[in-house]
Amino acid sequence: MPELFAYTDGACSGNPGPGGWGALLQAKRGDTVLKERELKGGEANTTNNRMELLAAIAALEALDRPSRITLVTDSAYVKNGVTGWIHGWKRNGWKTSTKKPVKNEDLWRRLDEAAERHDVTWEWVKGHAGHPENERADELARAGMKPFR
């Protein structure tokens, strides 16, 4: 059975400003890519964190059926949020530990719902460090931003 991977990235020109997100989905057997799909999009006035979240959401929502997938992001915000912080936010009624509303709550809720359908392993990689699939996700994110610049 092939392994599924999603490589995601967000980009923003200004923060806030025009932004884009990209996701590269791959089905692999060992090092061999059997199938891949590219996703991208953007918004006129957004933030880098929102684009990072949307990339992960789009990747998970693109899966037709519940799947085991490794989602690779260069966003510590996404990785730490979904594997740690979100549990406290949900317990606290979507408030931070300082009782403030969670930023990007709408997207965190959507990511949580999308991730619940799947068996997701979350991995972080250093961005702009020569990781080929992360570089492709970055290219997709920049392409997704183009119409809004």
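Reader: How far apart are the end C-alpha atoms of helix 3?

Author: In this predicted model, helix 3 comprises the twelve residues 105-116. At 1.5 Å a residue, the helix should span 16 Å. The distance between its end C-alpha atoms agrees with this expectation: 16 Å.

Reader: Which residues of helix 3 are buried, and around how wide an arc do they lie?

Author: The buried residues of helix 3 are L107, W108, L111, D112, A114 and A115. They lie on the same side of the helix, because the arc they cover around the axis is only 165°.

Reader: Which exposed residues are carried by the face of helix 3 turned away from its buried side?

Author: The buried side is covered by elements including helix 1 (48-61), helix 2 (76-91) and strand 5 (119-124). The face turned away from that side carries the exposed residues E113 and E116.

Reader: Is D112 buried or exposed, and with which residues is it in contact beyond its neighbours within four places in sequence?

Author: D112, which lies in helix 3, has a relative accessible area of 17%. Buried means under 20%, so D112 is buried. Beyond its neighbours within four places in sequence, D112 is in contact with I86 and K90.

Reader: Are helix 2 and helix 3 roughly parallel or roughly perpendicular to each other?

Author: Their axes are 11 Å apart, and the two helices pack at an angle of about 100°. Angles of 65 to 115 degrees count as roughly perpendicular. Helix 2 and helix 3 are therefore roughly perpendicular.

Notes. Residues are numbered from 1 along each chain as its sequence is written. This is a predicted model: local features need pLDDT of at least 70, side-chain atom pairs count only at pLDDT 80 or more; totals for chains, interfaces and linings use all residues. Side-chain values use heavy atoms; hydrogens and water are left out. Helices (H or I, at least four residues) and strands (E, at least two) are DSSP runs, numbered from the N terminus. The expected span of a helix is 1.5 Å times one less than its number of residues. Buried means under 20% relative accessible area, exposed over 50%, partly exposed in between (1.4 Å probe, protein chains only). The arc is that of the directions from the helix axis to the C-beta atoms. Contact means heavy atoms within 4.5 Å. Axes are lines fitted to C-alpha atoms, for helices over the stretch in contact, and angles run from 0 to 180 degrees between N-to-C directions. Angles under 35 degrees count as roughly parallel, over 145 as roughly antiparallel, 65 to 115 as roughly perpendicular and the rest as oblique.
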